Amino acid sequence: METTVDVPSGLPAAVPTPRPGDPRLARLSLNQATVKRWSLAEAVEGCLRAGVPAIGPWREPVAEMGLAAAARLLRDSGLRVSSYCRAGFLTGTDRAAALDDNRRAIDEAAELGAPSLVMVVGGLQEGDRDLAGARGRVVDALAELVPYAAERGVRLGLEPLHPMFCADRAVLSTLGQALDIAERFASEAVGVVVDSYHVWWDPQVRAQIARAGERIVIYQACDWVLPIPADPLLGRGMVGDGYADVGGLRRAVDAAGYTGDIEVEIFNADVWAADGDAVIATVARRHVQYVV
């Protein structure tokens, strides 16, 4: 009998692959970035084959298919849309263009039936060292976007990123910082994203998760693996391959009242190079082994 192996490690799987309909998969969602080389249609088909009941699409594959066709595909598939990635980048010099792009992303999320739009808020411009000013620009932009999103039934989810991304991607580095801004707005309009990769290191993370409560819009799961690659964006790993207490963070968000999807989002060149069905099977095995 052929031995089932995990990807990208190539090691024998520690648990059997759960079958479609297994209740332990009930909250599992595949963020489309985990199977980056697949089209949206291929990712949907992969979820259906594996019994993964939800998917988190990204804007670029949706644009490749066309918004109307993507919305129809997702509706017909029966999969839940756990979140929509991503918008934000609100700290640049062309404020009008950023707001226009975010309004388009909100419209797309509404058409796809996504309950939330993940916001990576943006970093510092070259030569800029004013973090407080950049965070102020995020607040000002959200004040314009929140009414637009609320009218369309889309909740904005502020995602804090690990501090190594503060300069170029997100001036929000901790869950506490994200909540400081989110709490300026109604909880049904603005929430926060809890991504294990970005927050696992924070000594205040569990207290901030408890503070977040109903503002948690999505829990994203993956691991922190070493060595950090040349492109640190690609340093995410399969749950269980690294150092983050992904299951412990899941228990914390559940204790805070979160009952939504657990979305696996992995940026990793070796994962992307692997067979997509093998990737999803590994995701499912690691989910039942380490997360639920």
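Pro8 sits in the segment before β1 (28-31). A cis peptide bond links Val7 to Pro8, with omega about 5°. Helices (H or I, at least four residues) and strands (E, at least two) are DSSP runs, numbered from the N terminus. The model is predicted: local features need pLDDT of at least 70, side-chain atom pairs count only at pLDDT 80 or more, and totals for chains, interfaces and linings use all residues. Numbering runs from 1 along each chain as its sequence is written, and side-chain values use heavy atoms, with hydrogens and water left out.

Arg86 belongs to strand β4. Phe89 lies in the loop between β4 and α4. Its phi is positive, about 50°, although Phe89 is not a glycine.

**Helix α4**

Helix α4 covers residues 95-112 and has 18 residues. From first C-alpha to last it reaches 26 Å, close to the 26 Å expected at 1.5 Å a residue. That expected span is 1.5 Å times one less than the number of residues. The buried residues of α4 include Ala98, Leu99, Asn102 and Glu108. Gly113 follows α4, and its phi is positive, near 80°.

**The whole chain**

The chain has eleven helices and eleven strands. Its radius of gyration is 18 Å, close to the 19 Å that the globule rule gives for 292 residues, so the chain is as compact as a globular protein of that length. This radius is taken over C-alpha atoms, and the rule is 2.2 Å times the number of residues to the power 0.38. The C-alpha atoms fill a box of roughly 60 × 40 × 35 Å along the principal axes. Buried residues make up 55% of the 292 residues.

An unreviewed UniProt entry annotates residues 50-274 as "domain: Xylose isomerase-like TIM barrel". Such annotations may be inferred rather than shown by experiment; positions are given in the numbering used here, and feature names are shortened. Over residues 50-274 the chain is 41% helix and 17% strand, with the end C-alpha atoms 16 Å apart.

**Pocket and cavity**

On a 1 Å grid over the protein atoms alone, a cavity is a set of points where a 1.4 Å probe fits but cannot get out; a pocket is an open set with protein on both sides within 12 Å along at least five of seven lines; lining residues have an atom within 4 Å of a point. Points are joined across faces, edges and corners, and a volume is the space filled by probe spheres set on them.

| Space | Volume | Lining by class |
|---|---|---|
| Largest pocket | about 520 Å³ | 15 nonpolar, three polar, eight charged residues |
| Largest cavity | about 40 Å³ | four nonpolar, one polar, one charged residue |

In these classes, Ala, Val, Leu, Ile, Met, Phe, Trp, Tyr, Cys and Pro are nonpolar, Asp, Glu, Lys and Arg charged, and the others, Gly among them, polar.

The largest pocket is lined by 26 residues. Which of them lie nearest its centre? They are Ala33, Lys36, Trp58, Arg86 and Phe267. Helix α2 gives the largest share of this lining, three residues.

The structure holds one cavity of 30 Å³ or more. Val239, Val264, Val283, Arg286, His287 and Val291 line the largest cavity. Helix α11 (residues 276-291) supplies the largest share of that lining, four residues.

Technical notes:
Buried means under 20% relative accessible area, exposed over 50%, partly exposed in between (1.4 Å probe, protein chains only).
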